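Got your viewer open and a selection tool ready? Let's walk through this model one stop at a time.

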Amino acid sequence: MLIPLLALIGCNHPDPAGLECTATASPIPMLLNLAWTAPSATTRSWVEFTTADGVEHTSADAESPTEVAVTLYGAGPEEVISWTGHSVDELGSTRTCAGETVTGRLNSRVPTLNVTNDNGGWDPEVNYFLGVFYEMAGTVSHVFVVDRTGRYLWVMATDDGYIGVDVHLPRDGRGVLFNQLSRDFSSDESDIRRVDWDGTDLSRTTTTLAHHTFAELPDGTLAYQQIDPRDVVNEDGVTESWIGDAIVEVPPGGEGTRVWSIWDWVDPVWNDDMDSISLYGGLDWSHGNMLSYSDTTNQYLTSFSHLKMLFDIDRSTMTPSRQLGPPGYGYAEGSTPFSNQHSPVYEHDDPSTLMIFSTPTDGSNSGAFEYAIDDDDGTLTELWRHQGHDVAFCLGQALPMPSSHVLINYGCSASITEIAREDGLIRWELDSDPGSGFGQVIPLAMLPWEL
């Protein structure tokens, strides 16, 4: 009769004393740390809390049910969190503590966000955005998570003196990856940081002479774009430094190895963009600005803005399988050639349809362009486009969304717009401060720490 006796004792256990919980601010201002010590018989501890928007949250269980430390996510800055801590023992008895705490204030250097257009018709599968600001005038960049109201839910600065351009969710689901590049582009200091959502630095991967974007491969190898300067004798017999681009791979815990260079596949010929502003010194010949990797095809897709070319590169041989843009694949009649392009993507990972952010050479404004790719004819046929209100000075993205909509990130023009392809109307728009344009941005259905 032992089991019924234990059940009876459990049912008649006297009300336990409350817990003594401590709430402290996190270095990331919208996070809150709760801690308490529970009795040794405790088997589970967690927190239930409500944020200022009325949303009820439940934290993950604390790693230690007795020496409890829980970080609360989901609030904005300077908001009241109403929280209740729970600890349950082996008999099912619960001890609690409760309180209200105001989250911290954003640093004044964090850019201001404003939703300037919202008609409620935006993609219901995209509720949040993970991204990074490319802050041209500041001394740091900021990695962020925001919701559709432009409310910051997470933000972290790069090291002082560094800028960020690219951000990724790591394949194993822990934390966030972002790059930081020295503002002194004559310096080769740069790295890819991996940071947990509570702000803990998990790792730093040195990325010598890196710029723009990077990719994580299935085995954890990090591939990044590297400037590749070489001496070229011009038609006047003068030796000049021309800046090309390479791809470097860094295996987990290993050293970087250069695995590909544009110099091996394109002859160095002067182009009209070379004497524009160069971030790297010398003459900016190729200006690589995007590197991505496809698990499906085991290929890199990379973009060279000043050459007006894209390359698919077979990673098994590091040989280009396609060159999009003349003298490779050309354009069907009536199609707008891409130019000063950024962030090419294949829709649904299908290499027959390309979406790209481009600024045409005809002087019209920047925007999103969609092309059908015909491998038999070697042509690109324009299917759809939407151009914005100005010419983007740098960066940019055109991202197909789960619906038929397209998210257009205007980069240094500091605006993100959601467009419906069926009617070309703006469904939602987010603006940042002038000078605080957007680097790479990732649309998300769920908060990244909940994935």
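Here is a tour that starts with confidence, then visits the disulfides and ends with the salt bridges.

**Before you click**

This is a predicted model, where local features need pLDDT of at least 70 and side-chain atom pairs count only at pLDDT 80 or more, while totals for chains, interfaces and linings use all residues. Residues are numbered from 1 along each chain as its sequence is written, and side-chain values use heavy atoms, with hydrogens and water left out.

**Stop 1: colour by confidence**

Colour the chain by pLDDT, the predictor's confidence in each residue, from 0 to 100. The protein chain has a mean pLDDT of 92, with 95% of its residues at 70 or more. Now select residues 1–15: the pLDDT there is below 50, and beyond near neighbours in sequence the stretch has three contacts in the model (a contact means heavy atoms within 4.5 Å).

**Stop 2: the disulfides**

How many disulfides does the structure hold? There are two, a disulfide being a pair of cysteine sulfur atoms within 2.5 Å. Such a link is a covalent bond between the sulfur atoms of two cysteines.

Select C21 and C97 to see one of them, with sulfur atoms 1.8 Å apart. This pair links distant parts of the chain, 76 residues apart: C21 sits in the loop between α1 (2–11) and β1 (22–25), and C97 in strand β7 (residues 94–102). Those labels come from DSSP runs, numbered from the N terminus: helices are H or I with at least four residues, strands are E with at least two. The torsion about the S-S bond of C21 and C97 is about -85 degrees, so this disulfide is left-handed. Both C21 and C97 are buried. (Buried means under 20% relative accessible area, exposed over 50%, and partly exposed in between, using a 1.4 Å probe and protein chains only.)

Next, pick C394 and C412, whose sulfur atoms are 1.7 Å apart. The link of C394 and C412 is left-handed too, with -55 degrees about the S-S bond. Are these cysteines buried or exposed? C394 is buried at 16% relative accessible area, and C412 counts as buried at 9%. Counting bonded cysteines along the chain, the disulfides follow the pattern 1-2, 3-4.

**Stop 3: the salt bridges**

A search of the whole structure turns up 26 salt bridges, each one a side-chain nitrogen of Lys or Arg within 4 Å of a carboxyl oxygen of Asp or Glu. We'll visit a few.

Select R258 and D228: their side chains meet in a salt bridge, 3.1 Å from N to O. Where are these two in the chain? R258 lies in strand β20 (residues 257–261) and D228 in strand β18 (residues 222–233), 30 residues apart. R258 is partly exposed at 40%, while D228 counts as buried because its relative accessibility is 3%.

Jump to R385 and E382, another salt bridge at 3.1 Å, N to O. Show the surface here: R385 is partly exposed at 39%, and E382 counts as buried at 18%.

Now for a group: select D159, D191, R193, D201 and R204, which salt bridges that share partners join into one network. Zoom in on R193 and D201, whose closest N and O atoms are 2.9 Å apart. R193 counts as buried at 3% relative accessibility, whereas D201 is partly exposed at 36%.
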